[in-house]
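Biologist: I want to know what stands behind each label on this model. Please set every value against its cut-off.

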Amino acid sequence: MAPSLYWWGKETHRGTPVVVKMENPNNWSMVELESPSDEDFMYPNHAVPKGGRNKNAKQLTWVILLKAHKAAGCLTSIGSAFFSLAAIVRRRVASGRTDSTDTMLTENPTMKSRFYTCIKLFLWLSLILLGFELAAYFKGWHFGAPDLQLQRLYALTHPFAVKDAFDLLYSRWVLIRVEYLAPPLQFLANVCIVLFLIQSMDRLVLCLGCFWIKLRKIKPVPKQDPADLESGDGDGYFPMVLVQIPMCNEKEVYQQSIAAVCNLDWPKGRLLVQILDDSDDPTTQMLIKEEVHKWQQEGANIIYRHRVIREGYKAGNLKSAMNCSYVKDYEFVAIFDADFQPNPDFLKRTVPHFKDNEELGLVQARWSFVNKDENLLTRLQLINLAFHFEVEQQVNGIFLNFFGFNGTAGVWRIKALEESGGWMERTTVEDMDIAVRAHLHGWKFIFLNDVECQCELPESYEAYRKQQHRWHSGPMQLFRLCLPAIIKSKISIWKKGNLIFLFFLLRKVILPFYSFTLFCIILPMTMFVPEATLPSWVVCYVPATITFLNILPAPKSFPFIVPYLLFENTMSVTKFNAMVSGLFQLGSAYEWVVTKKSGRSSEGDLISLVEKQPTHQRGSSEPNLEELREEIKQQAQSSSRKKKHNRIYTKELALAFLLLTAAARSLLSAQGIHFYFLLFQGISFLLVGLDLIGEQVQ
């Protein structure tokens, strides 16, 4: 009888010994004493070539069992994660807490209600049409190609054709689609496609400009560096600098920002720090006042200002501070928000650019983030802001000497502020307002990409949503107010064109308009009106290319390229709503809500700054590190006791169901790319609508 060709058919084996250690089903390890080769599996036991080895059947069995156990463990983990997610969703839905229950709405109730009603109308219409289309599909109306429907219509109009009520009704519906619905929908789609391509070209040009800057190593260089303070050289450039920190009820971060500015490396006699406190919470006022008093005892030149009437929000706060009589003694003013922590050499790296450059009005530094890896929301924000600073601000600063002031981490020439009209409370983007007016008066700006100032990103979707609403409604207010001044100004024609068409219309109006209209309204509607079409390159290839360009300044974020694309389309709802409210002067456009901070790095930074203080004035008590730790701990506990909730966002949920319904309809037409885009975009809206993307409150 021929020998068996299967090595596991023998009872005696020669193979590689294996030691398997298994303490329990979840904790096992395997040690292979000598690694086998692939040839060992090709021969029977007695046919092993000279010098070869064979495998042991028990060894293979153990390996297969252990691999199967590991796979089962992974499936169990995935299953438990889904069950946990389902439990979170169930509790969130049961709580019934939606964005409409928020007591500090950033949106006008009337506008919110109308906008939500329109979305619900589209949703119900799509559900009805989906049922209608499914019934037609099973009646023989197939949607693989438009001509099939027309042939079916011709057949139904034949005098000898057999007609039933449904066929007559559906044929009438198709004729209505072809004659009345498809043409305007296709026209609107074509308009949005043109706007989309124009905006994509703008992004491409900005990226090419950034590439040129990197290739030629172009960067602003000061004409003379300041002298080293320890060298005793008295000829350095150390003008009088005023530092302002506007804040309002931000007790999570006030210590770190005050400590950071008090440790700026600048002659004490030529530096004054203003803490501009708009807090209406007595406890917060007391804590900030005590912190200022502590640093005064340390020898810092710092004063505390509090406004009883909070008019004009941040702009009113800064305007009030600039009216102080002693401001006339200072030449420059550096502004930092309450969560910003400048490095000690910040002024030494920014102020020298003003020397012998009388046309320069602003030096802006870029932001860095202490919590960029906190959750998915902060990672996605990092991509946007990295592109904003690395590409938009840097390119505009190098080639145009103009960009929008970021409101913080910048140094202004006080003369430029005064000549431009000072701070105005007419919009919620006072930083962009003063930048546009200064540009119209001929002042130039410099952006320093290599000077960073640390700050925080919003960690909850609620805080991020309110921030984005303010950032996108304010420019529309400003555009209405500034348009006559831009047209009448004495700047060159191409600068007027850049301000009107690129700075405002393209990047502030067109971007949120086409993003929401094209991908959230027109694309789902083309599934129910297939006579109007969107090419695959509009749905997939161009957005993927632009997303790739956006993510280049943050290369470590490439694993999040797909979530970023979907999330940006999801945020288009908030941005479009904000744009409309700002453009038409709705009440929500004038609402100012301070972005919530968490004070992630406050304790570590505060400890390091306290340890850096070597001397103390006579009669002043040395800062007690334990007391500082205890105070921070108590603040964290008190903030955690506040009622924080995850909410359900109704507009996002309605759009999620609209997109998922359109995805189901697209299956009838076998539109692969459209189906996958609608499916994943609908899931993205669903996750955001259930508030599962940012900070999760236990």
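**Labels and their grounds**

Modeller: Let me start with helix 11 (residues 430-440), which is mostly covered: 11 of its 11 residues are buried. This is a predicted model, where local features need pLDDT of at least 70 and side-chain atom pairs count only at pLDDT 80 or more, while totals for chains, interfaces and linings use all residues. Residues are numbered from 1 along each chain as its sequence is written, and side-chain values use heavy atoms, leaving out hydrogens and water.

Biologist: What makes a residue buried?

Modeller: Buried means under 20% relative accessible area, exposed means over 50%, and partly exposed is in between; the probe is 1.4 Å and protein chains only are counted. Among the buried residues of helix 11 are Glu430, Asp431, Arg437 and His439.

Biologist: What covers the buried residues of helix 11?

Modeller: The cover includes helix 7, strand 9, helix 10 (414-419), strand 10, helix 12 (461-488) and helix 13 (493-528). Helices here are DSSP runs of H or I with at least four residues, strands are runs of E with at least two, and both are numbered from the N terminus. Gly442 follows helix 11, with a positive phi near 90°.

Biologist: Why is strand 8 called largely enclosed?

Modeller: Strand 8 (residues 360-369) has 10 of its 10 residues buried, so it is largely enclosed by the rest of the structure.

Biologist: How do you know that strand 8 and strand 10 pair?

Modeller: Two strands pair if DSSP finds at least two bridges between them. Strand 8 and strand 10 (residues 444-455) have nine bridges, in the parallel sense. Val363 stands opposite Ile446 of strand 10. Strand 8 also pairs with strand 9 (residues 410-413), in the antiparallel sense over three bridges. There, Gln364 has Gly410 as its bridge partner.

Biologist: Which strands make up the open sheet, and in what order?

Modeller: The open sheet has eight strands in the order 5-4-3-6-9-8-10-7, with mixed pairing. Strand 6 (residues 332-335) and strand 9 run antiparallel, joined by four bridges. Val333 has Trp412 of strand 9 as its bridge partner.

Biologist: How do you know that Cys210 is in no disulfide?

Modeller: The structure holds zero disulfides. For Cys210, the nearest cysteine sulfur is that of Cys207, 7.1 Å away.

Biologist: Are Cys210 and Cys74 buried or partly exposed?

Modeller: Cys210 has a relative accessible area of 9%, so Cys210 is buried. Cys74 has 43% relative accessibility, so Cys74 counts as partly exposed.

Biologist: What makes the phi of Tyr313 worth a remark?

Modeller: Most residues other than glycine have a negative phi. Tyr313 has a positive phi near 55° and is a residue other than glycine. Tyr313 lies in helix 7 (residues 313-322). Its relative accessible area is 29%, so Tyr313 is called partly exposed.

Biologist: What is the phi of Ala409, and where is Ala409 found?

Modeller: Ala409 has a positive phi of about 60° although it is not a glycine. Ala409 is found in the loop between helix 9 and strand 9. At 0% relative accessibility, Ala409 counts as buried.

Biologist: Why is Ser572 called buried?

Modeller: Ser572 has a relative accessible area of 1%, so Ser572 counts as buried. Ser572 lies in helix 15 (residues 561-583).

Biologist: Which residues is Ser572 in contact with, leaving aside its neighbours within four places in sequence?

Modeller: Ser572 is in contact with Ser515, Phe516 and Cys520. Contact means heavy atoms within 4.5 Å. The backbone oxygen of Asn569 also lies 2.4 Å from a polar atom of the Ser572 side chain.

Biologist: What about the whole chain?

Modeller: The protein chain has 19 helices and 10 strands. Buried residues make up 50% of its 698 residues. Of the contacts in the chain with a separation of 6 or more, 80% are between residues 24 or more positions apart.

Methods:
A polar contact is a pair of N or O atoms within 3.5 Å; within protein, one must be able to donate a hydrogen and the other to accept it, and residues adjacent in sequence count only if both atoms are side-chain atoms. A disulfide is a pair of cysteine sulfur atoms within 2.5 Å.
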